[in-house]
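These notebook entries record what I looked up in the structure shown below. I kept them in the order of my reading.

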Amino acid sequence: MAITGLARRDEIWQSTLGWQPGDAQWAQFQALYQGILAGNEQINLTRLTEPDDFWEKHLWDSLSGLWPWLGKGDGSDQRPDWAQSVTIAQVIDIGTGAGFPGLPAAIAYPDWTITLLDATQKKIRFLEELALEMGLTQVRAIADRAESLGHRPHHRGKYDLALLRAVGPVSPCVEYGLPLVRVGGMAVLYRGQWTPEEEATVERVAAQLGGELTAVQSWQTPLTEGMRHCVYLRKVRPSPGKFPRQPGLPAKKPL
Ligand code: SAH
């Protein structure tokens with residue numbers, strides 16, 4: 001397969017997210033692209049291998065959910081108050097798959113410690129190697145189910161931010177995510193379409209897990225005008241000890 005480079009598109013980063021990668025970050029995005037393409041020949045990681053698809057649906061999309069924290073840091077931006085009040089050091093990407101949104105997040109935020117979690121051992125082994133090759137020393141990868149990790153004392157209630165993209169319907173996502181988040185932290189659900197029914201479900205399930213719906217941000221993807229929604233939940237109380245329920249139940253019998 002011919003390897004074509006990614007177009008950088010600084011103007012689009014700026015006009016949409018008010019941010020753009022620096023030169024070193026851009027080089028890392030390209031290395032990530034090459035690393036994923038190489039890995040895709042060994043294991044099934046992603047079908048988005050064309051450069052424009054990768055740029056839009058993996059890189060841009062991963063960072064769109066972090067827009068509230070992508071400020072320039074000089075006070076000139078319009079970061080929402082609810083985002084400014086969350087100090088972020090520990091982030092978990094639940095159901096990371098090929099490393100999205102966690103790896104672009106690690107490149108954009110070198111100060112964050114990022115845990116990539118996936119139930120599939122071979123994806124985790126690949127991600128560990130890729131992070132090592134790329135020198136992303138603040139990334140660690142864990143092979144486990146969110147339902148199990150959510151009960152481990154070193155992980156439960158320990159993350160400032162939990163990210164969930166394409167990990168199934170909203171109810172299990174909330175049950176996987178909120179137990180791992182500390183009180184005051186947030187879970188970010190990356191969604192495509194967003195319906196009033198899903199919003200009602202999220203509000204109801206979040207309340208059971210100790211969270212509340214803070215904001216829903218809608219986006220159009222910049223190249224193909226796809227519909228996206230990023231849903232922000234704040235953890236306001238510890239999650240009851242019975243959550244998450246045993247592996248498989250959150251998806252099989254959604255709250
Ligand atoms: N977040 C990635 C991958 C989505 S595919 C992206 O947006 O591209 C969903 C991934 O979630 C799969 O790799 C699957 O193994 C993982 N997954 C699904 N349920 C899980 C669970 N309960 N715990 C951990 N990982 C899970």
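**Entry 1: Serine 239 and its loop**

I began with serine 239, which I located in the loop between S7 and H10; helices (H or I, at least four residues) and strands (E, at least two) are DSSP runs, numbered from the N terminus. The model is predicted, and local features need pLDDT of at least 70, side-chain atom pairs count only at pLDDT 80 or more, while totals for chains, interfaces and linings use all residues. Residues are numbered from 1 along each chain as its sequence is written, and side-chain values use heavy atoms, with hydrogens and water left out.

Is serine 239 buried or exposed? I found a relative accessible area of 10%, so serine 239 is buried; buried means under 20% relative accessible area, exposed over 50%, and partly exposed in between (1.4 Å probe, protein chains only). I then noted that a polar atom of the serine 239 side chain lies 2.8 Å from the backbone oxygen of leucine 209. A polar contact is a pair of N or O atoms within 3.5 Å; within protein, one must be able to donate a hydrogen and the other to accept it, and residues adjacent in sequence count only if both atoms are side-chain atoms.

The loop between S7 and H10 also holds glycine 241. Glycine 241 is exposed, because its relative accessibility is 58%. I recorded 34 Å between the C-alpha atoms of glycine 241 and leucine 136, which are 105 residues apart along the chain.

Proline 244 is found in the loop between strand S7 (227-235) and helix H10 (249-252). The peptide bond from phenylalanine 243 to proline 244 is cis, with omega near -5°.

**Entry 2: The ligand site**

Which residues are closest to the ligand? I listed Gly95, Phe100, Asp118, Lys123 and Arg165 as the closest of the 16 residues that surround the ligand; a residue is near a molecule or strand if one of its heavy atoms lies within 4 Å of it. By class, I noted six nonpolar, four polar and six charged residues in this shell. Here Ala, Val, Leu, Ile, Met, Phe, Trp, Tyr, Cys and Pro count as nonpolar, Asp, Glu, Lys and Arg as charged, and the others, Gly among them, as polar.

A ligand nitrogen lies 2.7 Å from a backbone N or O atom of phenylalanine 100. A polar backbone atom of alanine 146 is 2.9 Å from a nitrogen atom of the ligand. In the side chain of arginine 165, an N or O atom is 2.6 Å from an oxygen atom of the ligand. The protein covers 80% of the 580 Å² of accessible area that the ligand has on its own (Shrake-Rupley method with a 1.4 Å probe; for residues, only the protein chains shown count as cover).

I placed proline 101 in the loop between strand S1 (90-94) and helix H5 (102-108).

**Entry 3: Positive phi**

Arginine 9 is not a glycine, yet its phi is positive, about 60°. I found arginine 9 in the segment before helix H1 (10-17). Its relative accessibility is 17%, so arginine 9 counts as buried.

Glutamate 225, also not a glycine, has a positive phi of about 55°. Glutamate 225 lies in the loop between strand S6 (211-220) and S7. Is glutamate 225 buried or exposed? I recorded glutamate 225 as exposed, because its relative accessible area is 58%.

**Entry 4: Two further positions**

I located glutamine 84 in helix H4 (residues 81-84). At 47% relative accessibility, glutamine 84 is partly exposed. From C-alpha to C-alpha, glutamine 84 and glutamate 199 are 24 Å apart in space, and 115 residues apart in sequence.

Where is lysine 158? I found lysine 158 in the loop between helix H7 (146-149) and strand S4 (159-165). Lysine 158 has a relative accessible area of 45% and is therefore partly exposed. I noted that lysine 158 and arginine 145 are 13 residues apart along the chain, with 16 Å between their C-alpha atoms.
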